[in-house]
Amino acid sequence: MKILITGVCGFVGSCIARYWLSAHSDAEIYGIDNLARNGSETNRQDLIDRGVRLIHGDVRMRSDLESIGPVDWVIDGSALPSVLAGVGESYSSRQSVEHNLLGTLNLLEFCHQHRSGFVLLSTSRVYSIDPLTRLPLDVDDEGFVVAADRLDGSITGISPRGISESFATSAPVSLYGATKLASETMALEYGLAFDFPVWINRCGVIGGAGQFGRSDQGIFTYWVHSHRRRRPLRYLGFGGSGHQVRDCLHPQDLARLIDRQITTGGSDQPSRVNVSGGTASAMSLKQLTRWCDDRFGVHPVQPSDQIRKFDLPWVVLDSSLAESVWGWQPEIPVASILDEIADHAEHHPNWLELSR
């Protein structure tokens with residue numbers, strides 16, 4: 001089986017490549033990456049040594065894909081993966097749309113040409129901002145939780161287990177979320193029009209050793225590395241409480257689901273599923289700080305009234321559909337993910353400088 005992984009030198013792409021080579025001895029892995037993200041070069045040689053056929057190219061350029069030739073599957077892991085992409089300082093809005101949507105369209109044309117299957121790594125940020133800001137929340141153990149007794153049915157697709165696939169996706173969802181939602185729509189349309197399989201995985205926050213963490217992306221990794229280094233940390237918004245909550249997923253668990261979709265998937269199975277650690281892995285920043293204090297010693301975090309555009313108090317995905325259809329559950333608990341990140345931080349003290 002030949003598989004093309006885009007963004008292969010990024011954290012998620014490289015983890016999927018390593019998983020696939022370990023799980024399938026007969027796999028031929030092709031990877032493409034433009035190496036624009038600081039830190040991505042650290043994965044390049046290791047992937048080549050493992051047998052990945054790596055192309056230094058850009059999915060926004062159709063000509064960079066032409067030399068690859070036919071493959072059985074494309075796993076689209078290339079993106080500017082931040083809710084602030086296009087509205088922050090690092091990338092322009094046009095760059096965000098070109099990376100996250102135009103690149104996907106080029107890959108869909110590639111799949112059309114070669115009749116390849118397509119797997120899109122999407123995001124929890126396709127869900128609508130307005131109802132997410134109106135969720136009834138309580139505080140429990142220094143973190144927000146959904147107040148089940150105040151759910152009145154006015155917001156669909158929400159339960160104490162998290163946000164399901166039926167939750168609203170109407171605008172606004174952020175520029176980043178819009179590019180991924182548009183990519184989902186185009187992927188499904190291309191798959192139907194040209195008869196190739198499409199799987200869409202809406203991922204929660206992903207974390208693990210070797211991730212290029214920043215304050216707007218890879219927050220678990222960023223927080224652990226920053227805490228250990230005694231770098232300034234702030235609880236932004238929501239009263240400066242640090243009660244905002246996200247779930248955490250290890251990329252190996254994502255890779256296991258993709259494996260099942262590619263090797264056993266059928267047309268009767270849902271094309272879009274949430275993939276997350278769910279409530280079992282959900283943590284607030286205050287709880288994460290408490291974990292870091294226990295591991296590294298106490299490091300005070302300052303409260304701040306600053307409100308960043310698109311920040312949300314509670315985003316936890318309900319992945320029970322993936323469980324019921326694929327028999328999939330995450331196997332790596334959040335405690336193991338945090339230990340892995342912390343061990344990596346201790347062995348790579350300058351990681352944040354390398355990857356920022």
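A residue is called buried when its relative accessible area is under 20%, exposed when it is over 50%, and partly exposed in between (1.4 Å probe, protein chains only). At 34% relative accessibility, S92 is therefore partly exposed. The model is predicted, so local features need pLDDT of at least 70 and side-chain atom pairs count only at pLDDT 80 or more, while totals for chains, interfaces and linings use all residues. Residues are numbered from 1 along each chain as its sequence is written, and side-chain values use heavy atoms, with hydrogens and water left out.

The interior may be considered next. A nonpolar core is a set of buried Ala, Val, Leu, Ile, Met, Phe, Trp, Tyr and Cys residues joined through side-chain atoms within 4.5 Å. The largest such core has 35 residues, of which I16, L254 and I258 touch the most other members. Helix α1 gives the largest share, 7 residues. Domain 1 (1–127 + 173–203) and domain 2 (129–159 + 208–247 + 279–355) both contribute residues, so this core lies between them; the domain bounds come from an automatic or database domain assignment. Beyond its neighbours within four places in sequence, I16 is in contact (heavy atoms within 4.5 Å) with I5, I75, L121, L254, A255 and I258.

Note on methods
Helix = DSSP H or I, 4+ residues; strand = E, 2+ residues; numbered from the N terminus.
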